[in-house]
Amino acid sequence: MALATDSMAAPRTCVVIPARMASTRLPGKMLLRETGRSLVEHTHAAVLRAKLPAAVIVATDHVAIADEVRRFGGTAVMTSTDCQSGADRVAEVASRTPQFDLFVNVQGDEPELDPAAIDLLIEQFDADTTTPMATLATPITDPERLRDPSVVKVVFDNSGRALYFSRSPIPFVRDAQSATAADQPPLFHQHLGIYAYRREFLAKLPHLPPSPLEQAEKLEQLRVLQAGETIRVGVVAHAATGIDTAADYAAFVRRHCRTMAA
């Protein structure tokens with residue numbers, strides 16, 4: 001099992017990287033390697049730089065990805081092809097690893113994820129020992145992103161507990177002159193799709209009833225809030241760029257090449 005080497009590693013925390021072969025927009029992207037390293041290896045290496053996790057496991061439904069992970073020295077777990085989401089794969093890994101009680105879900109197409117973001121996510125559980133789930137957000141400074149329904153927004157209270165997630169701009173500003181995306185401190189935040197769960201809540205999550213808010217917004221995290229559960233939100237300065245399309249991957253390769261040449 002790939003272990004973090006920092007002396008501050010917390011034995012109770014495992015990062016799980018769901019990595020599937022049949023991506024809708026870029027099939028086989030986990031194994032793309034124009035940089036000399038596969039995409040899943042880049043993500044795995046970024047996660048290993050975090051200080052707090054004790055282990056990193058790649059959860060996959062395809063033997064080629066599992067073989068690639070083992071080739072570069074990582075730990076791969078084969079999960080069911082019936083898993084409908086990354087969270088399902090994380091839950092399946094959790095059912096096999098009773099030594100951990102916190103699980104972080106990092107998608108395999110996040111090669112530029114800041115390792116400090118993972119540590120911040122884990123620290124949300126220290127801030128509130130009753131929190132079952134945590135996630136991250138980043139300030140929105142671009143008005144276009146604020147209006148974009150594909151950019152999920154989140155508002156949270158003074159303690160960092162999520163109040164609501166939406167595809168619409170939230171909070172709604174009644175007086176257009178009273179708040180802008182450039183305000184400091186920032187009023188608007190983009191939700192980032194990285195989550196962490198306590199073991200007992202991860203087992204409970206698939207059994208929560210579908211919620212009207214979830215179905216209206218098409219946002220699964222609203223099922224958690226409508227069930228009366230808490231999601232803590234940590235704030236990071238910037239969002240990493242995920243790889244969804246061939247253009248995204250080409251841009252990543254260019255950035256990586258510039259970094260290596262510097």
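Tutor: Strands (E, at least two residues) and helices (H or I, at least four) are DSSP runs, numbered from the N terminus. This is a predicted model, where local features need pLDDT of at least 70, side-chain atom pairs count only at pLDDT 80 or more, and totals for chains, interfaces and linings use all residues. Residues are numbered from 1 along each chain as its sequence is written, and side-chain values use heavy atoms, leaving out hydrogens and water.

Student: Why is phenylalanine 172 called exposed?

Tutor: Exposed means over 50% relative accessible area, buried under 20%, and partly exposed in between (1.4 Å probe, protein chains only). Phenylalanine 172 has 71%, so it counts as exposed. You will find phenylalanine 172 in the loop between E8 and E9.

Student: What makes the span of helix H4 close to the expected one?

Tutor: The expected span is 1.5 Å times one less than the number of residues. H4 has 13 residues, so 18 Å is expected, and the helix reaches 19 Å from its first C-alpha to its last.

Student: What makes a set of residues a nonpolar core, and which residues have the most contacts inside the largest one?

Tutor: A core is a set of buried Ala, Val, Leu, Ile, Met, Phe, Trp, Tyr and Cys residues joined through side-chain atoms within 4.5 Å. The largest has 37 residues, and Val15, Val104, Val106, Ile118 and Ile194 have the most contacts inside it. Its largest share, five residues, comes from helix H4 (residues 115-127). The buried residues of H4 include Ile118, Leu121 and Phe125.

Student: How confident is the predictor overall, and which element has the lowest mean pLDDT?

Tutor: pLDDT is the predictor's confidence in each residue, from 0 to 100. The protein's mean is 90, and 93% of its residues reach 70 or more. Strand E1 (residues 2-3) has the lowest mean among the elements, 50, while E8 has the highest, 98.
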